[in-house]
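Please read the following report alongside the sequence and the model.

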Amino acid sequence: MGYYNRGDLPFHYALADAFTICDQYFCSVQGPTNPNRLYQWTGMIDPLGTGGGPVTDNSEDGYSWTTYPEMLQDAGVSWRVYQEADNFDDNPLAWFTQFKDASTSSALYTKGMARVSSINSAITADIAAGTFPTVSWIVAPTAQCEHPANRPADGANFVSGVLSAIASDQATWDSTVVFYNFDENDGFFDHVAPPTAPSGTAAEYVSGLPIGMGPRVPMTVISPWSAGGRVCSQTFDHTSPLQFAELVTGVQCSNISAWRREVSGNLTSAFNFGNSPVAFPTNLPNTAALVTAANNEESLPAPTVPSAGALPAQESGDRPAQPVGYVFNTTSWTDTSTGRIWFQTVSAGSLGAAFTAYTVNDRTYDAWPYTCASGGTISDYFSAKTYGGGPYDIDLHGPDGYLRGFQGNVLTWSSTTKAHPEAYVVDNQDGATLKLTVTNAGTVSAVFTINPNAAYLASGGSASTVTVAAGGSYSTTLDATSAGRYDFTVTANTGDGFARRFAGRLYTQA
């Protein structure tokens, strides 16, 4: 598998260094281009089949549900699709009968279907005429769309032209945001499993299978209020730009499911609206020169596969983070009467999120998705005695690297001569610390070991131990890194593999 680095994509990296990137922005659909683009323009794939859907492949059979551009049109809000004669068939409005059958003099045609000779020139002309719309969709031509095998340099040159057209007028730049996103990705390199709705969630399943989300895709938020090379790690998907447009226009997109609204943000967390607007940067790479360099490479021999491969290296350091309202506290306990291990997660912040529990060892692999609403609670149990004979190994994953790992043996708690260990942490909401509590409900003392893991951007450290008497407890403070990241594992000397892992990121809560 190949990959690009900073030397290959200097313009893309420079945009990310100048503005805010969203590293938890997911495709809407675990599928190909067309369903994801339908989410970008309409907020759904018509899962109930009321308008020609559900659409789960790249077919274009002719759909009839109401798109968000139509909702804007009905509300009197200006909008437009900017596209050239070649649009790589990436304007999904063309797949809807109301647009295909529209009169060439109608708003649906002139705003949604008409082509221009140059997108940059059309934007410049609309700005000069005072007709640049409130909401725009910009569709790149094939050669500039960055879809393999089209060159990234050409895509960079296209994006640079669009941004230059907008930034050339100060008033327009001072009132504009550009969401630079991609419809779908193969996900080969992505190690983050996408959020998934629980079975039966309204408008999120087709033929018993979840619609999404899909793998993460790049998203750069380019505006006067998103400057500074920051990262926003709230969960987003293709409904998020529509949710942002709702705030700007007051026009609701009725197609977006309640689940997407609960777990996918509206992108406002990517901005610093309280700050003074920042001018468009003048030091971005010259994209015309990048195209020239790419042209010159056309005459070079084709690359050969290295005899020995090498993994890509992550750039060092941590970007400054936009504050996110994620605060989730998870506890666990053993029910000796049923041989079950339980967990409970409580949302103590301003945001809800999707979670998934995975059985790692000791039983057949499976996954269980959950939705924890803002201010809500989720809980579940695993029958460790029934399915594993007592041992269990379960990971609970949530947003922004949230992980709670549970290992042990429920039979330990059935013994009257053993320690009965448990451990949990509470987010202190200061962006820097957690409160760890370990308990021992058994009849003999337990020695707990608190180990800071040397995981991604969590530097590790020296392990410490504490002895907790029978029936006792102990609390201490755990420190996150300066960027709020943490990763700790707590074990006990019970000989049954007991461990609790706590990893994630902390944010100061207002």
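## Overall architecture

How many helices and strands does the protein have? There are twelve helices and 22 strands, where helices (H or I, at least four residues) and strands (E, at least two) are DSSP runs numbered from the N terminus. The radius of gyration, taken over C-alpha atoms, is 26 Å, close to the 24 Å that the globule rule gives for 510 residues, so the protein is as compact as a globular protein of that length; the rule itself is 2.2 Å times the number of residues to the power 0.38. Along its principal axes the C-alpha trace spans about 85 × 50 × 50 Å.

This is a predicted model, in which local features need pLDDT of at least 70 and side-chain atom pairs count only at pLDDT 80 or more, whereas totals for chains, interfaces and linings use all residues. Residues are numbered from 1 along each chain as its sequence is written, and side-chain values use heavy atoms, with hydrogens and water left out.

## Burial and contacts

Of the 510 residues in the protein, 51% are buried, a class defined by under 20% relative accessible area, with exposed meaning over 50% and partly exposed in between (1.4 Å probe, protein chains only). Among contacts (heavy atoms within 4.5 Å) with a separation of 6 or more, 71% are between residues 24 or more positions apart.

## A three-stranded sheet

Three strands form an open sheet in the order β9-β10-β13, with antiparallel pairing, where two strands pair if DSSP finds at least two bridges between them. Its edge strands are β9 (328–335) and β13 (377–382), each of which pairs on one side only. Strand β10 (residues 340–347) pairs with β13 in the antiparallel sense over six bridges, and Trp342 stands opposite Tyr381 in β13.

## Salt bridges

The structure holds 16 salt bridges, each being a side-chain nitrogen of Lys or Arg within 4 Å of a carboxyl oxygen of Asp or Glu. One of them joins Asp90 and Arg37 (3.8 Å, N to O), linking the loop between β2 (79–82) and α4 (97–100) to helix α2 (residues 33–42) across 53 residues. Both Asp90 and Arg37 are buried.

Another joins Arg216 and Asp190 at 2.7 Å, N to O. Because Arg216 lies in the loop between β6 (209–210) and β7 (219–222), and Asp190 in the loop between β4 (178–181) and β5 (205–206), the pair ties together parts that are 26 residues apart in sequence. Asp190 is partly exposed, with a relative accessible area of 22%. Salt bridges that share partners also join Arg6, Asp17, Glu315 and Arg319 into one network.
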